[in-house]
Amino acid sequence: MDKRYEIEFAWEYNKVCGSILCQERKVRKISRDALAAGLLSKSALSDIETGKARWTKLTGDTMLLRMGIDPDYFEEAVSTEEMDRWRLREDICMLVPLRPGAAREKIWEYRQKYEKRESLEEQFLIKTEVLLMLWNRGKAEGKAALECEQVLELAMDAVACTVPGSWKEGLDSLWLAPAELEAILLAATALAACGRRNEALELQQAVWNYPKAHQWKEKVMMLILPQAAILGMELAMWKDDGKSAFVLGKEALELLRRNCCHCYALPLLERFEQISIQDNSWCGKEERSYLREAANFCDTFRQVYQWHHYPEYRLWQGVFADNTREVGIVLKMLRHFEGKSRGKAIYDGEEMVVTERQLAKIEKGEHKPSDMNYVRLLKQYGKNEGWETAMLETDSAQLLELRQRISTMLGFGQWEEAEREIEKLRRKVNLDYPRVRQELLFWEALYKWRGDCDLERSLDLALKALHCTVPDFEGRDMKWWVFQREEIMIASHIADVYRKLGQMEESKKWHEAVVFSLKEQVGRSGIVHKGYDILMEGYDNLLGDTQRYEDAVKANEEAILNCLKWPRIRCMADDFYRIAWNSYEIANEKAQEQEVCRQRWRKAFQICESLADFIYDSQFKAFLESRRKKFLYQQEVCSNLIAD
């Protein structure tokens, strides 16, 4: 291994995250005391920034979010206990507010199981209790004023968990994450329930203005502004001010649409329904058209959630785990990839790192290795220990944002715009870094495929890109490799090029390896990692080419359910289109299933059209318009023939 790689492997665990955190804090001229307030001490933050202390997901992600930085830039490895805690919080989110009894049982379970909790955990638990009380009170009018005061007091307790006491004097000087601002919104909601609506409005407006005042990026704004809009619309409609409610709701909804996000989309859309039934004499032609569009989106999301038995209303944590892996699963999979027994895997080339029994417990999630031992165990597999390394080796959040913008452009087929941005990135990054080289090679591979139709060259470039971070995989079982996000997309591309070249067995091998790897990595989170949505397009094509249409429908149904667990749903419209297409093909093969398939493809296609409209995917909308005759108009003809 050359010196450059030795330096990369010698990075302390999470040094990149800490470096970015430190740099961004200094750019914003935030003191350590101010950024850490309510979460940890100044010295603890110093240790995180310098890489001396281990980065924990909940606190680490919240620190980034306080500055408006999207933690999605990083792929993280966490202990089993961290993942178990996140999973239990997610279970609570899925139960609140519609299943209050089950939610309260889970909250009790959390408190009993984890007596020692971070302040952010306690804040989350209290917020859920406040939501349940507000929901219950909303369903039973005429409750005593005393109960209102109890709800308000509890809501204030939630805020106090992490927010300095000076927050009542103004939020401008504080650094707060979306989840903390949400606690303040709950306090405002409790004030409104107590009849103190002017105070509630003042707090709502403070939260609404906060992200812009602190120059947050939209990807972080969307984690709080929809909730602020929902409360603001309610307060405006209490005053019969439908116009103000409309303006506020439209801004929040457009934010979600631009970012392909469905966090709190349905309750926000339902507020537009309430505007529609009020006196809306203020509405012009444009406003009425928008209200109809919102009603269509509302119906679409209800259909999507009901079809896949997903809660129509749910709480979102604000910290997501779709970029997170468990340490034990990582070590187990890489050991299998290398074909090593535990007895051989416990050595780092020089000496024993842990005992064989300890490694067995680590892989099962029963034991947590020290950061140093984790790095030593990883080194033997040729895997960079920096699972919390940004997607590009850089200490600049601006470059990471540029990288994500390029990926989004490529996803939407905006090739010329992406090429200009790639040139900007190329001038600003260090081409010696493996992940930088990998990214640029992969983008070139995409251009060779989409632009020049040079499949052989595209395959060669993609294989070179994968080799930047994956050791020699000839003769190894790729399904055990712990694919990270970029590697998932590259391997999926390789599989799809093989399919285009007619090498179906090779395509199948690559697709199934990535599918298996991702499912193994799910672990305790229950969430498939990012990149799965990209994989599904090629995998569906393979299943279609081999006429496994029913398997393809099931795979896309699973993909939609996985997508719903994420805040962003950019690829979900594609999943519904694939369900429509495969259902159509099944009907052609099996006459006895024609009616069932017809209903399914029609519903899937209509949802697909609406979702493409929701996320402003004009290219996909144009494609769907060319397919309407096949999936909608032909249905009417067929139905008439059957009736005759």
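Tutor: Happy to! Let us begin with Gly 68, which sits in the loop between α5 (57-66) and β1 (76-78). Those labels follow DSSP runs numbered from the N terminus, where helices are H or I runs of at least four residues and strands are E runs of at least two. Before going further, note that this is a predicted model, in which local features need pLDDT of at least 70 and side-chain atom pairs count only at pLDDT 80 or more, while totals for chains, interfaces and linings use all residues. Residues are numbered from 1 along each chain as its sequence is written, and side-chain values use heavy atoms, with hydrogens and water left out.

Is Gly 68 buried or exposed? Gly 68 has a relative accessible area of 4%, so it is buried (buried means under 20%, exposed over 50%, and partly exposed in between, with a 1.4 Å probe and protein chains only). Beyond its neighbours within four places in sequence, Gly 68 is in contact with Trp 216, Lys 217 and Val 220; contact here means heavy atoms within 4.5 Å. For a sense of distance, take Glu 416, which is 348 residues away along the chain: its C-alpha atom and that of Gly 68 are 29 Å apart.

Now let us step back to the whole protein chain. Its secondary structure comes to 32 helices and 2 strands, and its C-alpha trace spans about 80 × 70 × 45 Å along the principal axes. The radius of gyration is 26 Å, which agrees with the value near 26 Å for a compact globule of 644 residues; this radius is taken over C-alpha atoms, and the globule rule is 2.2 Å times the number of residues to the power 0.38. Of the contacts with a separation of 6 or more, 73% are between residues 24 or more positions apart.

Next come the charged pairs. Side chains of opposite charge can pair when their charged atoms come close. The structure holds 52 salt bridges, each being a side-chain nitrogen of Lys or Arg within 4 Å of a carboxyl oxygen of Asp or Glu. One of them joins Arg 524 and Asp 84, with the closest N and O atoms 3.4 Å apart. Arg 524 lies in the loop between α26 (504-521) and α27 (532-545) and Asp 84 in helix α6 (residues 80-95), so this pair ties together parts 440 residues apart in sequence. Arg 524 is partly exposed at 31% relative accessible area, and Asp 84 is partly exposed at 24%.

Another salt bridge links Glu 270 with Arg 302, at 3.3 Å between the closest N and O atoms. Here helix α15 (residues 265-277) holds Glu 270 and helix α16 (residues 285-307) holds Arg 302, so parts 32 residues apart in sequence are tied together. Glu 270 is buried, at 12%, whereas Arg 302 is partly exposed, at 22%.

Finally, Glu 439 and Arg 403 meet in a salt bridge of 2.9 Å, N to O. Glu 439 belongs to helix α23 (residues 434-450) and Arg 403 to helix α21 (residues 397-411), so the pair ties together parts 36 residues apart in sequence. Both of these residues are buried. Elsewhere, salt bridges that share partners join Glu 254, Arg 257, Glu 293, Asp 613 and Lys 621 into one network.
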